[in-house]
Amino acid sequence: MTAAIDPEQTRIALAQLPKGTSHADSPDLAQVYLPPSHLKAMDPDNMLVTGMRGAGKTFWWGALQEPDIRQLIDRTNRDSTLSENTEVRTGFGVRPAPDDYPDKDVLRRLLLDGAEPRTIWRAVQAWQLAGDDHPIRRQESWKERLNLVDREPEAIARLFLERDNEFHEEGIHLLLLFDALDRCSDDWRDMYRLIRGLMQTALDMRSYRRLRVKMFLRSDQVDETQIADFPDASKVLSSAVDLSWPASELYGLLWHSLINGAHGQEFRTFIADSNWHPIQIGEKQLFSVSRRLISKDDLQRERFHSVSGPFMGRNRRRGFPYTWIPNHLGDTEKRVSPRSFLRALRTAAEETAEHYPEHKFALHYESIKRGVQAASKTRVNEVKEDYPWVDRLLICLEGMTVPCKFEEVEERWNEHRVLDRLSEDVEQGEVKLPPRHIEDGARGIRLDLETLGVFLRMRDDRVNIPDVFRVGYRLGRKGGVRVAR
């Protein structure tokens, strides 16, 4: 029988859930949850890691740089060649680091000067491999370093081979991490060129025994027609591991956070899932959620409904929290970011404590709905950051009800002259990563929004918008989550 858990204590613990999974800085060890399906992504031999915004790519870019976290991964996955002794360096990322890699403006200048993208990344990698006495270390600018790599290809090839031999003798890998490549350019063409060049160098690295490149790319950046038109590109693409988050793993993240939190002992007793053998990493003890709990849907549902109550209303007609939450947080591909999931639960706990403090469960169903509203705002803000033009197209649809005919959407766009103004700004270079099919007008924009998981084309050709975007942009849907007023 499942042990009871105090509702008030549970609300406090839920309100303290981590803010998300994308930290450029080193995360707390207690926050490091590695879903079984993500283990392959940590292996140095898998060059390409993909995922939606908020899936954890930047989290792992930062986490893999920490010896304690690499040790934890090694202890979790006995088959991995990653270890705390793996040498990890960064070739591009969200943190500005001009001494380690060129930023967007430098990359743009190098491309304008005629530099080949593969040569740019090879210079970055040579810089990371070289010792203090190597000639490349005497070059003060990235342009000078690039010129040396271009001028002395044999010397650079010897540098790579010598370093590979050294790491092989030590029995460890050198892992070069690349993330946030949407920040390498504001232009799709240049971004694709740089990703293609990086993929070429990743393939080059596979000829060595101990040198490896690992790239973290957003799913929409992996356009094979743009980045895979070179020999053996399929070898890079076939190594790709997607950081997907099925519902079972989202709840696994929840349990992991709770059993390693301030009230961990109480939640370990509540879950009653195993004998709880801790993992000792330095001075910290960590507990892992067993695969048995994650793989048994009925068991997870039972545990969560002990926290949330069994229904999303007064009876089963309104749905069940365990499935309702991820269903209403997914995009058109049913993808849910863990950041949105955690935000929904944090807000639900805070709302319950404020409005329903005497409720017999830790979460009230009306507060869960408000949590999803808050998570929708988070997702909308993420889209604004990545593609500011999406906001222009959706904000003018406020008050509409979906599903609807696309002609109704197009009429709104024309009424507000959104496409005309957007086209003008794109021509003037004022739009970051603009719609790729804008030249095809409204129909092309629709295709771009479908690719991003914002628009869903129904069988009768109507447009639908998933709740995670619909609520944030204040559109209606019969039977859907209410729009916050």
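1. Setting aside residues up to four places away in sequence, Ala30 touches His256, Asn260 and Leu286, where a contact means heavy atoms within 4.5 Å. Ala30 itself is found in the loop between helix H1 and strand S1 (48–51); helices (H or I, at least four residues) and strands (E, at least two) are DSSP runs, numbered from the N terminus. The C-alpha atoms of Ala30 and Glu415, which are 385 residues apart along the chain, are separated by 51 Å.

2. A word on the basis of these values: this is a predicted model, in which local features need pLDDT of at least 70 and side-chain atom pairs count only at pLDDT 80 or more, while totals for chains, interfaces and linings use all residues. Residues are numbered from 1 along each chain as its sequence is written, and side-chain values use heavy atoms, with hydrogens and water left out.

3. Helix H1 spans residues 7–15, and Gln9, Thr10, Arg11, Ala13 and Leu14 are buried in it, buried being under 20% relative accessible area, exposed over 50% and partly exposed in between (1.4 Å probe, protein chains only). At the start of H1, a side-chain oxygen of Asp6 comes to within 3.4 Å of the backbone nitrogen of Glu8.

4. Towards the other end of the numbering, Arg470 lies in helix H22 (residues 467–470). Arg470 counts as buried because its relative accessibility is 1%. The side chain of Arg470 also reaches the backbone oxygen of Leu475 at 2.7 Å.

5. For the chain as a whole, there are 22 helices and nine strands, and 56% of the 485 residues count as buried. Among contacts with a separation of 6 or more, 71% are between residues 24 or more positions apart.

6. On overall dimensions, a compact globule of 485 residues would have a radius of gyration near 23 Å, and the chain has 24 Å, which agrees; the radius is taken over C-alpha atoms, and the globule rule is 2.2 Å times the number of residues to the power 0.38. The C-alpha atoms fill a box of roughly 75 × 60 × 35 Å, taken along the principal axes.

7. The accessible surface of the chain comes to about 22,300 Å², of which 43% belongs to carbon and sulfur atoms, with areas computed by the Shrake-Rupley method with a 1.4 Å probe.

Conventions: A polar contact is a pair of N or O atoms within 3.5 Å; within protein, one must be able to donate a hydrogen and the other to accept it, and residues adjacent in sequence count only if both atoms are side-chain atoms.
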